[in-house]
Each structure stands twice: as structure tokens, then as C-alpha cells.
Amino acid sequence: MSLMEPLLAIQDLGIHMLTYEGRARVINGVRLTIHKGETVALVGETGCGKSITAKAILGLLPPNAETVSGSIMFKGRDLLRLPEEDLHGIRGSQIAMIFQDPSTALNPVFTVGEQLTDVVLWQGARRATRGRRVTGAVRQRCLEILRLVRIPDPEGTLGRYPVELSGGMRQRVLIALALVGRPELLIADELGTALDVSVQDQILLEVRELVRTGGLSVLYITHNLGVARLVSDRIYVMYGGEIAEVAPAAEVFRRQLHPYSQGLLAAVPRLTGRMGEGIEGRIPDYVNPPPACRFEPRCPFRMEICSLNRPLLLEAEPGRWVACHFHGSREESG
Amino acid sequence: MIAESRPVAEPKVARAREWGKMWFRFRQSSLSVAGLGIVVVIAVCAAFAPVLAPHPQHAGSFVDFENSLRPPSPKNPLGTDDAGRDILSRMLFGARISVTLGIIVLAIAVAVGVPLGLIAGYWGGRLGDAIMRVTDVFLAVPPIALALAVTAALRPNLTNAMIAIAFAWWPWYTRLVYGQVLSIKEEQFVEASRGLGAGPLRIAFREILPNAWSTILIKVTLDMGFVILTASGLSFLGLGAQPPTAEWGTMIAEGRMYLPGYWWAATFPGFAILLTVLGFNLLGDGLRDVFDVQIEQWQAGS
């Protein structure tokens, strides 16, 4: 890691959700940093807290969520303690999110052009221009961004409604909407998961290209390790609301330190025959989580200490961090 | 990806195409087209009453007892009433009153009810609860009874009838919009626009409300007939338009005394009301078909 101050630094994030069953500790001491121009993937099973982490960054947590600890520093400001009005100025123009489902994330009653224009205007209104003039410049900007995300016939697409577009085109429009405000950090939540595999790959590669040329930082949220390796520089493996392992993307595939990462990789179906083995058991109960290591009940290598002390996220090798007693000797009493 | 070399569709063209599609769906049902036809005829009658009416001066306090209660004839196509006035002419002017009243009442109901529903649905909380409980109180009383009470308390005339009906009508729009907003605000595009930096006002009015307009428009169309019916009801009871104003309900009230012998005096204005309610209902159903198809397609297309 460089000595430069990171663009985004999440420290000790703790989020509880108030549910019928009780207080669910869904995010427990998550730590994550993204440097300028870096692409980071947050990988884990469904329900491990990836999306909640992403939403916490944008201040879009559901009303029953409660932030109990930590900070999310973005360019010197703690997003968790920023008033809602200031967040409006950050969302879209500094941190933008590409939403998961291209079929529902576009407003059905407006044309693509209207939705793009809206974003350009309402962000522009805070910066320079005033009023609602749809000038040639705004239109040019919309066309430019549609060309950037490789939409064929951008002029025609401006006048189309989301229903008239295919899933891949809608996904591209969503990317355009996120990019049109020239953000510094892009959050992509399960990008392309709702699309067919071939279209998904194409979109992922295109976004990677955009990121390379535009100098953006990206946080990918995905359950698919293959996707994570394809697009990211570093991978954060998340389990049960905690970071299990952090490593450069290529290294994770060579050798996994955390038993959960091993299981996750083994679960990926291969073209060469057998289905993956998967990991036994289920994600932890967040209301009554395992007392120490949250992966302990499912872990094939569990030791006595695993149910007594919570493992800390420690640097096991240069650039590789892991929270597992199997690798670290130091621990924290849980 | 290779840019297709298809003709460039400008936004205006896209709009025109959209209208074309809607018209195509609308005309699939002949009943909808009939409804539209009726509504257009009523609108034309209302707009050009002075030109179309064979005896425009009969609309007001005209008296010609020589010709009272004449049956339909070439001179008076729908006969004359007890004061010798041409019924067709009075009905045409009655259309004017009914349509204007309907538009004003519904404009008030929408202007009051829709923002309240939007506030209650989007912001909720105590304010939302307060709005909805007041609405519930209004909804508990049948609109005609509430309108009756209000007109009885005020002086009975056409303006007060209008105020009374609007007073009874807005809560239906609050309720409708409230329900719509509750479901629309959970849609992902609302969260997406928040994620892109939209503030709450923008989300409420620019993202959510436009999605509710089609439902509101359908209800307005359906209600148009019922508002006209209610207004005529009030006039019939002597609480709305006062004689000698040519209003359908008033005309029925006056002609009713001569039933069944001089049937035309009450029957034709009655038909006018019937046709109006029917026309707006069919039109409303047609619009619902048009917009529902759009919604279904959207969901199926996902």
C-alpha cells in the first residue's frame, strides 16, 4: 500500500439492524481502503454485508439500520457524520453508484435523455449553471457519455424509454448515469449479474477500460470471485459482516489464506467437469453470532481458540491480510 | 459494438410514436372509442352551445306559456318545458355548466388531494399520519351526504355546490396518491436517483409523482361523470343550480311534476346525465387499458 492518503478509508465500521428477532450485528468492524485509481472488489456470499457496506458509504442505509461505530473518511470528511444536505453534493458527483438491476433502476416514465439531462442539470445547478435550460451543451454531454459507454445510435437512444431498451443497453444507461457526473469513486453493486454472461463480460471489460482511461477508483461488490479477478486490483473477502482476507487479486487465486476464501473458490463451478463443492452450513445468525470467529462453526480447520477469541485482521505476508488464528498468533479476546 | 446506421429518432419523433402506440391500444376496444366519442360530443355541445342551440335565449328566464309542454317536433326537437322553453337548447347549455363544474371540482380535488397524498406517502411520520386520519374522517361520510351538508350550511347556489363537492372529493385523491407513493417509493429507481444526488423534493415531485400521473388521470376521467352526477343530484334537490338556470338536475326536478304525460321534460335531461356518466366511464376504462398495458410491458420486459 502506498503512503498516499487513501481516497476512501473505512475504519472499524459497525452497523446493527433492528429486526423482529432482535438486534442484528450485520457489519462488525469492517476496514477497507481504496486509493486513487485503484479498483477494489468486495467479495462474499449473499447476505454477508457487502451491499450494506456500499450503502453506508453513500448514506443510503435503510431506516432500521444503526451505525454503532467507525468512520468512513472520503477526502478528509467523515461521510457517516455528514448532514444529509452535504451528502446530496457528494452522491453522483463525487461518489456514484451503478445499481444492480437494470430492469428496475431506471424510471419507466422518462426517456433516457430526460434522465441523463436531469442528472447533468441537478449536478450542474450546484456547480455553475442555473435554471433548467436544456442547452446544446447539456445535450452534447449526454451524447458524449452515451458514446463513452458504447451505446449504438446515441441520438436515438436519448428519445427512448427504458422499456424500449434491452437489458444490456439499460445497464449501459445506468453506467452512463453514474459516470455523467464525473465521480471520483464508482461503486458497482453486482454489476451485470442480471444480464446474460456474454453481455456481462462485455460490460465488465468496458467498465475496466473506462476506469483505466478515466483514472477512477472503483469498488466492485460481487459474489463472484471470477468477476472480482477480472476487474480488480485488490480483493476484500467478506464473511458474516467482517473482512476475512485482503489480497492482491491475482494472489487470491494462487493461494487462499482464509479457509472461507478457499471454500468460496472451491464453490465456483468449473468448465472442466465437477460442480464445486461449496461450503457446508449457512451464513451466521446475526442476532446471535458465533462469539469469536464468525466462520468457526463452518470451518474445517477450527481449533479450540477459534471459539474463544476473535481473530484480528493482521498482515500475514506483505500486502496480504487475514483474520484467522491459523495464520496469526496474536489475538483479541472477543 | 457497431453503431447501427438507422435513422436518427429525435425526442419529438419518439413522443409521436409513443402517442401512436397508445392510440393503437386504445382503439382495440370499441367501447373505449364510443366513450371517447360521447365525451367529445359533450365537449363540443358545451363549447358551442350558443351556436348549436336552436333557441339560445331559452337557456335563461324565458317564458312562452303559449308553447309550454309541447311534444318533440321539428321546431323543438326534444319538446318544450312547462315555461315553453326549448329543452334541447337548455340541455346544450346544461352541458356547459356540468362540464365546467366537473373540471373545476376535479382541479380543486387534484390540487389539494395530490400534494397531501404525496407528502403523507413520501415523508410519512406524524404529519403523514395526521393527513391520513383527517382523510379517513372525510372518506367515512359518503360524498353526496357531505356535499349536501355543506351546501345546506352555505347558501344553495351553483358556486357553493361546487365548493361542497370539491370539499367532499379531495380525500379520494389523497388516498389514491398515498397508496401509489407508498409502492413507488420502494422502487429501485428511487434509490438510484438518491444515489445520484437527488434531494427529497426532487425525488417526490420529479421521480415519484410522474409515475402516479397515469393513475390520477384515469381516476379524474372516471370521476368526471360522478361529479357531474353529484352536482345534478344537488341541483335536483334544490341545493345546487337554482331555476331558471338550465342545469340538468334542475331541469329534471322541474319536469318531474309532469311525468308521465309530458315525459320529455324530465327524460331527456336524465338521458344527458346518463350518457355523460357512461361516456366518461368508458373513456376512463379505455385509458386504464392503455396505461396498464404499459405497466405490464414494463414488468414483463424485465
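**Entry 1: the contact of α4 and α9 in chain B**

I looked up which residues of α4(B) meet α9(B) in this predicted model. On the α4(B) side I listed Ser98(B), Leu101(B), Gly102(B), Val105(B), Leu106(B), Val110(B), Val114(B), Leu118(B) and Tyr122(B). On the α9(B) side the list reads Ala204(B), Ile208(B), Leu209(B), Ile216(B), Val220(B), Asp223(B), Met224(B), Val227(B), Ile228(B) and Ala231(B). Sorted by class, I recorded 16 nonpolar, two polar and one charged residues in the contact of α4(B) with α9(B).

I then turned to the geometry of the pair. Two packed helices are described by the angle between their axes and the distance between the axes. For α4(B) and α9(B), the latter spanning residues 200-236, I noted an angle of about 145° and axes 9 Å apart.

**Entry 2: helix α4 of chain B**

I asked what distance α4(B) reaches from its first C-alpha to its last. The helix covers residues 87-122, 36 residues in number, and reaches 50 Å. I set this beside the 52 Å expected at 1.5 Å a residue, and the span of α4(B) is close to that value. After the helix I found Gly124(B), whose phi is positive, near 55°.

**Entry 3: chain B as a whole**

I counted eleven helices and zero strands in chain B. Read from the N terminus on, the elements run α-α-α-α-α-α-α-α-α-α-α. I noted that the C-alpha atoms of chain B fill a box of roughly 85 × 55 × 25 Å along the principal axes. Of the 302 residues in chain B, 42% are buried. I also took the contacts in chain B between residues at least 6 apart in sequence, and 71% of them join residues at least 24 apart.

**Entry 4: chain A as a whole**

Buried residues make up 46% of the 334 residues in chain A. Among the contacts in chain A with a separation of 6 or more, residues 24 or more positions apart account for 64%.

Is β10(A), residues 242-248, largely enclosed or largely open? I found six of its seven residues buried, so the strand is largely enclosed by the rest of the structure.

I next followed its pairing. Strand β9(A), residues 234-239, runs antiparallel to β10(A) and is joined to it by six bridges. I noted Tyr239(A) opposite Glu242(A) in β10(A). The hairpin of β9(A) and β10(A) has two residues between the strands, and Gly240(A) takes a positive phi near 55° there. I also traced β10(A) to β13(A), residues 320-322, to which two bridges join it in the antiparallel sense. In that pairing I placed Glu245(A) opposite Val322(A) in β13(A).

**Entry 5: a four-stranded sheet in chain A**

Strands of a sheet pair through backbone hydrogen bonds, either parallel or antiparallel. I asked in what order the strands of the open sheet of four strands stand. The order in chain A is β2-β1-β4-β5, with antiparallel pairing. I marked β2(A), residues 22-34, and β5(A), residues 77-78, as the edge strands, since each pairs on one side only. Strand β1(A), residues 8-19, pairs with β2(A) in the antiparallel sense over ten bridges. As a reference point within this pair, I noted Ile15(A) opposite Ile27(A) in β2(A).

Definitions and conventions: Residues numbered from 1 in each chain as written. Chains lettered and ligands numbered in written order. Predicted model: local features only at pLDDT ≥ 70, side-chain atom pairs only at ≥ 80, totals over all residues. Expected span 1.5 Å × (residues − 1). Buried ≥ 20, exposed ≤ 12 C-beta atoms within 10 Å, placed from the backbone. Pairing = 2+ DSSP bridges. Axes fitted to C-alpha atoms, helices over the stretch in contact; angles between N-to-C directions. Contact = placed C-beta atoms within 7 Å. Nonpolar A, V, L, I, M, F, W, Y, C, P; charged D, E, K, R; others polar.
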